[in-house]
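Dear colleague,

I am handing over the structure below, and after it you will find my notes on what turned up when I went through it. Please read them with the coordinates open beside you.

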Amino acid sequence: MKNIKKEENGITGSTLLITIFSIALALLLTIPNIYLDNHIYYLSRDISHLQSLKITFQEEQVLIKNRLEKIYSDENLITQDVK
């Protein structure tokens with residue numbers, strides 16, 4: 001009897017299993033990275049927004065302090081005139 005070697009054509013079970021495993025491994029390695037990148041992006045956007053609010057409030061505080069000083073000085077002048 002002759003030993004006949006059968007050639008396989010197409011996709012075998014082991015090839016399919018290796019392909020699925022490779023895709024799953026690639027997904028497991030990339031999904032956490034994508035999640036972290038998105039999380040860092042949104043956090044940096046929030047930080048940027050809060051920094052701009054801080055600058056705005058600091059400028060507003062200076063304006064309010066200047067107005068208050070003007071009111072105090074005007075009040076001081078008025079009370080000096082009355083005496």
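Ile11 counts as exposed, because its relative accessibility is 68% and the cut-off for that class is over 50%. Please keep in mind here, and in everything that follows, that this is a predicted model. Ile11 is found in the segment before α1, the helix that covers residues 13-82, and together with Leu16 and Ile20 Ile11 forms a nonpolar patch on the surface, for which the accessible area of the three residues comes to about 320 Å².

Within helix α1 lies Thr19, whose side chain reaches the backbone oxygen of Thr15 at a distance of 2.8 Å. Thr19 has a relative accessibility of 38% and therefore counts as partly exposed.

Turning to the aromatic residues, the count comes to one aromatic pair. The pair is made by Tyr41 and Tyr42, whose ring centres are 5.1 Å apart and whose planes stand at 70°, so that the arrangement is classed as edge-to-face, since planes over 60 degrees apart fall into that class. Tyr41 is partly exposed, with a relative accessibility of 44%, and Tyr42 is likewise partly exposed, with a relative accessible area of 46%.

How many salt bridges are there by the rule applied here? The count comes to one salt bridge, in which the side chains of Lys70 and Asp74 meet with a distance of 3.1 Å from N to O. Both Lys70 and Asp74 lie in helix α1, and they are four residues apart, which is about one turn of the helix. As to their accessibility, Lys70 is exposed, because its relative accessible area is 51% and the exposed class begins over 50%, whereas Asp74, at 32% relative accessibility, counts as partly exposed.

Definitions and conventions: Residues numbered from 1 in each chain as written. Predicted model: local features only at pLDDT ≥ 70, side-chain atom pairs only at ≥ 80, totals over all residues. Heavy atoms only, no water. Phe/Tyr/Trp six-rings, centres within 6.5 Å; stacked < 30°, edge-to-face > 60°. Buried < 20%, exposed > 50% of the residue type's maximum accessible area, 1.4 Å probe, protein only. Patch = residues over 30% accessible without salt bridge, like charges linked within 9 Å, V, L, I, M, F, W, Y side chains within 5 Å. Areas by Shrake-Rupley, 256 points an atom, 1.4 Å probe, with all protein chains shown as cover. Salt bridge = Lys/Arg side-chain N within 4 Å of Asp/Glu carboxyl O. Helix = DSSP H or I, 4+ residues; strand = E, 2+ residues; numbered from the N terminus. Polar contact = N/O pair within 3.5 Å; in protein donor to acceptor, adjacent residues only side chain to side chain.
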